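User: I would like to go through this structure with you and ask, for each label, what it rests on. Please set the values against the definitions as we go.

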Amino acid sequence: MTGTRSKSFVLWAIVWFDLILLSLPTIIIIGASFTTGDIVQFPPEGFSLKWYGKLWLLDDFKAAFFRTLYVSLICTAVSIPAGTLAAIGLARYRIHFQTSLQVYLLLPFTIPLVVSGLGMMIFFGDIRILGQLWPVGISLCIINLPFMIWAVSASVNGLDYQLENAAANCGAPPLQGFLTVTLPGVMPGVITGALLMFILAFNEFLVSLFLTDARTVTLPVSIYNSIRSVITPDLAAVSVVYIVIAFIAVLLLDKLVGLELFLKSK
Amino acid sequence: MENSPPLVELIDVSKRFGRFIAVDNANFSLAKGSVLTILGPSGCGKTTLLRMIAGFESPTSGEIRINGEPVQAVPPYRRSIGMVFQNLALFPHMTAGENVTYPLKMRRFPPQDIPELVERYLGIVRLTGMKDRRIHELSGGQQQRVAIARALSFNPDLLLLDEPLSALDKKLREEMQLEFRRIQQKIGVTTINVTHDQREALVMSDEIIVMADGAIQQSADPVSLYRHPSNMFVASFIGLTSLVKGTVVQTEGTTVEFNVDSTILCGNAGSRFEVGQSVEGAIRAEQVRIHPEQTRPEEMDNVLEGVVSEQIFEGDRMVYQVQCPSLGSTPIFVFDHDPTHHVLHRKGDSVVLSWNVRDLLVYPCR
């Protein structure tokens with residue numbers, strides 16, 4: 001009796017410790033963003049929304065925010081067809097060099113981001129597209145594509161492989177069968193993967209650091225740059241906007257496909 | 001009057017996957033309107049055969065003809081074949097009605113006719129009013145019916161059933177077997193059914209093909225198949241059959257005497273045997289009579305003494321497993337249907353078994 005109680009106490013203690021540890025940075029930032037003072041501090045000094053009000057006046061951050069949005073949308077838009085078709089192809093068809101192809105597609109995940117960033121910087125410089133914004137979106141798509149492939153693969157593997165035969169048996173030519181049966185079947189994975197890709201691109205820092213300059217700087221890089229000069233609470237407010245967007249994405253995911261599938265797909 | 005060609009015809013059809021021979025030189029033809037069951041243990045090639053007819057696999061050699069036309073070059077979506085898949089393969093993101101509508105749309109039926117056809121086929125499978133249900137909201141039996149309606153709604157020339165009943169429990173399975181029979185007779189669609197369930201084959205078919213190791217063993221109507229199995233495999237696969245091995249000592253007409261361990265049995269030979277040839281005898285459990293010790297059954301040709309080693313109560317009958325010392329270690333299975341006065345033989349009881357010569361079928365050893 002005592003044994004069970006002390007065991008459950010220890011378990012609860014660990015759970016609470018973990019929860020606090022995980023959420024502490026977020027709580028501190030959220031708290032700090034409401035300060036009335038002029039420096040980032042926790043607990044905050046008083047309560048005001050003045051730093052949020054000021055956000056709209058910070059043109060640098062606002063421009064960086066929209067650039068980040070643009071880059072993330074490109075990344076998501078490219079990853080949806082690429083990741084979906086790759087995942088279906090790898091799971092469904094007997095392809096030559098299947099294992100090598102799989103490894104190749106997951107390779108970006110195993111290479112340190114610093115190396116990827118440097119490589120892409122050199123390559124983009126060579127073909128003279130360094131300094132433009134859209135290649136950043138493509139790069140983020142490349143380095144995060146494994147997540148898209150994993151998410152869709154989970155859906156494809158859960159899909160009855162006979163469905164395509166059933167569609168053919170019903171009179172659907174291959175392309176039509178794919179569009180009307182296979183694609184709707186893997187949709188939960190596609191949605192999960194797309195939201196994941198969006199969030200990952202939205203938050204990405206290291207590779208963007210290599211690929212952007214003062215004119216094309218994205219929000220994470222922009223925040224990093226300001227930390228190196230003056231740390232003011234508007235940074236905390238920007239961070240909170242970030243957290244809110246991530247949170248909305250998770251809510252969206254839960255609403256659209258359910259978090260269960262998202263967690264299972266990993 | 002001109003004879004119409006058989007609806008389906010297989011000519012020397014073989015299928016190899018690498019070195020593995022899945023289907024070995026299959027030949028059969030199927031007349032319009034009949035129900036054929038391909039029966040065999042799992043892995044015997046029956047599903048591969050069905051998938052070749054549907055067009056999902058192509059034969060390594062040989063030819064498949066439908067309505068007299070070779071179909072090698074015809075892709076599955078242009079064949080007029082409805083199929084009920086083993087796991088049903090219903091489209092999970094569609095309702096029951098949308099599943100039945102799908103083939104009609106894909107096969108370009110006039111849009112104004114579609115709703116009526118969907119209603120009609122849902123009616124035939126007794127799912128009227130279930131049109132808007134999602135697939136996962138339906139019970140196993142109802143899903144089965146949606147799959148049948150989807151396979152039939154476009155009025156195909158041929159219906160293929162790939163063990164669709166195997167996942168159901170026994171009671172539902174037996175209900176669905178009769179349901180299939182009812183629907184088939186109502187619509188008259190030519191059907192090929194694949195199963196490993198001998199009862200299903202006997203209940204549902206006009207003709208049965210037994211397959212083993214990729215090869216067709218026998219093709220016959222259910223009654224002939226059960227009463228006159230053409231070889232040892234068919235005899236042992238259908239019904240509960242006891243097998244005894246021995247050596248021929250004498251033949252006379254269709255009667256063959258063969259030596260098993262320390263006794264001589266009389267059996268009914270399907271083919272000619274030489275003295276000294278190794279043979280196997282097969283006797284069905286329902287053809288063996290069981291009597292208490294010391295009874296001498298009259299007018300029985302083979303009489304053996306034995307000891308009950310196992311006794312299984314199956315409700316409507318009793319199954320005994322009897323060890324006969326004169327047959328060595330081979331057990332004999334016996335059904336005892338006698339609801340009025342079961343003479344119960346317990347485990348360890350001495351009994352006398354008997355059967356008629358015509359019921360012990362003798363085949364050459366494999």
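Analyst: A place to begin is I231(A), which lies in the loop between α10 (219–228) and α11 (233–256) of chain A; helices here are DSSP runs of H or I with at least four residues, strands are runs of E with at least two, and both are numbered from the N terminus. This is a predicted model, in which local features need pLDDT of at least 70 and side-chain atom pairs count only at pLDDT 80 or more, while totals for chains, interfaces and linings use all residues. Residues are numbered from 1 along each chain as its sequence is written, and chains are lettered from A and ligands numbered from 1 in the order in which they are written.

User: How much of each chain counts as buried?

Analyst: By that criterion, buried residues make up 36% of the 266 residues in chain A, and 40% of the 366 residues of chain B.

User: What secondary structure makes up each chain?

Analyst: Chain A has 12 helices and zero strands, whereas chain B comes to eight helices and 20 strands. Along the principal axes, the C-alpha trace spans about 70 × 70 × 30 Å in chain A and about 80 × 45 × 45 Å in chain B.

User: What makes the packing of α3(A) and α6(A) parallel, perpendicular or oblique?

Analyst: Helix α3 (residues 59–92) and helix α6 (residues 134–158) of chain A pack at an angle of about 40 degrees with their axes 6 Å apart, where axes are lines fitted to C-alpha atoms, for helices over the stretch in contact, and angles run from 0 to 180 degrees between N-to-C directions. Angles under 35 degrees count as roughly parallel, over 145 as roughly antiparallel, 65 to 115 as roughly perpendicular and the rest as oblique, so α3(A) and α6(A) are oblique to each other. The residues of this contact divide into 19 nonpolar, six polar and one charged; Ala, Val, Leu, Ile, Met, Phe, Trp, Tyr, Cys and Pro count as nonpolar, Asp, Glu, Lys and Arg as charged, and the others, Gly among them, as polar.

User: Why do β15 and β18 of chain B stand at the edges of their sheet?

Analyst: Five strands of chain B form an open antiparallel sheet in the order β15-β19-β16-β17-β18, and two strands pair if DSSP finds at least two bridges between them. β15 (289–292) and β18 (331–336) each have a single partner strand, so one side of each is left without a neighbour in the sheet.

User: How many residues are in contact between chains A and B?

Analyst: There are 15 residues of chain A in contact with 18 residues of chain B, a contact being two residues whose C-beta atoms, placed from the backbone, lie within 7 Å. On the side of chain A that touches chain B, α7(A) gives the most, with five residues.

Methods: Buried ≥ 20, exposed ≤ 12 C-beta atoms within 10 Å, placed from the backbone.
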